[in-house]
Amino acid sequence: MWGVWLSVPDFPGPDSVEARPVGSVASVVHPRAVVFGCAGLVVTPDEAAFFREADPLGFILFRRNCDSRDQMRRLVDDLRASIGRPDAPVLIDQEGGRVARMRPPHWPAHPPMGAFGALARHDMEAGREAAWINGRLLAHMLAEVGITVDCAPVCDVPVEGAHDIIGDRAFSRDPAVVIALARATAEGLLAGGVLPVVKHIPGHGRAFTDSHAELPVVEADRATLEATDFAPFRALADLPLGMVAHVVLKAIDPAAPASTSPIVVREVVRGPSIGFGGLLFSDDLSMNALQGDPRARAEAVLAAGMDVVLHCNGDLDEMRTLPGAVPVLSGAAAERWARAEAMRHAPEPADIAELTNRLAELLGAALA
């Protein structure tokens with residue numbers, strides 16, 4: 001079955017990605033603390049005019065935006081041109097498995113993160129090597145079209161009976177395995193010139209509902225959360241970017257999801273429980289776990305301590321309501337973003353065909 005994941009109808013040969021200069025972020029005027037989506041395969045004149053005026057930090061792409069390499073390169077270039085910043089970040093959720101915006105026939109189908117956990121159960125070193133290679137290959141795919149940030153790896157620790165929204169997107173139910181494989185994946189992405197986003201802080205693995213549809217409430221006590229759910233994020237707190245979940249942790253703040261809870265952000269995410277020092281994105285404002293209109297949602301996540309709001313659905317009318325509620329990046333957020341960008345570099349040399357073959361060999365061995 002692993003051959004299915006690695007079937008690449010028109011996969012390119014040796015790494016041909018040109019070294020891309022990493023732009024300076026020492027802008028005098030900070031961009032607005034929001035990342036926007038767009039509706040389709042091209043930037044419309046109305047979208048371009050809005051983005052130029054709103055000046056978001058960057059953009060995020062979804063399946064509706066991905067058709068071919070040439071189309072994506074043009075789209076990414078046009079999004080950056082609309083705000084006059086060629087170094088503006090462009091994000092995507094390219095985890096592998098179910099969550100893959102770029103799909104065959106133009107791009108390879110990578111396995112879900114659970115496949116690497118299955119390999120690690122038999123051979124941890126092989127699992128770690130495969131996870132690194134997977135991250136490096138994902139980065140190659142993204143860098144080819146100009147994407148600089150991947151919303152991966154998933155660092156959640158699912159429990160028995162939890163909603164399948166996480167499921168095989170997670171590496172393992174063992175926090176130690178999650179830590180090892182998430183670290184390897186992040187390092188593979190960084191080696192390929194793409195910034196990783198650890199998610200979903202402070203943990204989505206105990207959610208029995210899908211936060212895209214409704215608000216999950218986690219009943220576990222704090223000691224349990226500290227020992228399991230928080231552990232991967234604490235171990236990966238040095239990574240540059242994180243995404244905060246719309247999940248209520250009753251043991252810490254029963255009144256608000258983590259993404260809108262100053263208590264959770266202060267005591268857990270930034271506090272001793274995790275101590276994350278990187279830039280914090282909210283999860284998507286459009287998810288039904290949050291209440292209120294988009295403007296109220298944006299104000300709530302920023303008040304809780306998020307650095308940047310994600311608005312992903314590409315609805316221009318909704319986006320037009322946000323600039324009045326979302327200020328430019330704070331000084332602290334701008335510093336965190338600058339630190340993140342300083343970790344991004346031109347892709348390290350790699351033989352992509354050789355790495356692809358090695359990954360197939362490692363994953364195939366898991367079934368032998």
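This is a predicted model: local features need pLDDT of at least 70, side-chain atom pairs count only at pLDDT 80 or more; totals for chains, interfaces and linings use all residues.
Local features are reported at pLDDT of at least 70 and side-chain atom pairs at pLDDT 80 or more, while totals for chains, interfaces and linings take in all residues. Residues count from 1 along each chain as its sequence is written, and side-chain values rest on heavy atoms, with hydrogens and water left out.

Let's start with the barrel. Eight strands close up in the order S1-S2-S3-S6-S7-S9-S11-S12, with parallel pairing. Strands here are DSSP runs of E with at least two residues, helices are runs of H or I with at least four, and both are numbered from the N terminus. Two strands pair if DSSP finds at least two bridges between them. Strand S1 (residues 32-36) makes a handy example: three bridges join S1 to strand S2 (residues 56-61), and the two run parallel. Within this pairing, Arg32 has Pro56 as its bridge partner, and Val35 sits opposite Gly58. To get from S1 to S2, the chain passes through helix H2 (residues 45-54), and this β-α-β crossover is right-handed. That label means that, with the strands pointing away from the viewer, the path from the first strand over the helix to the second runs clockwise. S1 also pairs with strand S12 (residues 308-311), again in the parallel sense and over three bridges. In that pairing Phe36 stands opposite His311.

S1 is well wrapped up, too: five of its five residues are buried. Buried means under 20% relative accessible area, exposed means over 50%, and partly exposed is in between (1.4 Å probe, protein chains only). Arg32, Val34 and Phe36 cover one side of S1, Ala33 and Val35 the other, and all are buried.

Next comes helix H6 (residues 175-191). Its 17 residues reach 24 Å from first C-alpha to last, close to the 24 Å expected at 1.5 Å a residue. The expected span is worked out as 1.5 Å times one less than the number of residues. H6 is mostly covered, with 13 of its 17 residues buried. After the helix comes Gly193, which has a positive phi, near 85°.

Now for the charged pairs. A salt bridge is a side-chain nitrogen of Lys or Arg within 4 Å of a carboxyl oxygen of Asp or Glu, and by this rule the count comes to 24. In one of them, the side chains of Arg73 and Asp70 meet at 2.9 Å, N to O. Both residues belong to helix H3 (residues 69-83) and lie three residues apart, about one turn of the helix. An α-helix has 3.6 residues a turn, so residues three or four places apart point the same way. Arg73 is partly exposed, at 30% relative accessible area, and Asp70 is partly exposed at 48%. Helix H5 (residues 124-144) holds another pair three residues apart, Glu125 and Arg128, whose side chains also form a salt bridge (2.9 Å, N to O). Glu125 counts as exposed at 52%, while Arg128 is partly exposed at 32%.

Lys199 and Asp93 make a salt bridge as well, with their closest N and O atoms 2.9 Å apart. This pair ties together distant parts of the chain, 106 residues apart: Lys199 is in strand S7 (residues 195-201), and Asp93 is in the loop between strand S3 (90-92) and strand S4 (94-96). Lys199 is buried at 2% relative accessibility, and Asp93 is buried at 8%. The two belong to a network of salt bridges that links Asp93, Glu95, Arg101, Arg169 and Lys199.

Phe233, found in helix H8 (residues 230-235), has a relative accessible area of 1%. Contact means heavy atoms within 4.5 Å; leaving aside neighbours within four places in sequence, the contacts of Phe233 include Lys199, Asp156, Cys155 and Ile274. His204 sits in the loop between S7 and strand S8 (217-218) and is buried at 4%. Not counting residues up to four places away, His204 touches Asp156, Ile165 and Val247, among others.
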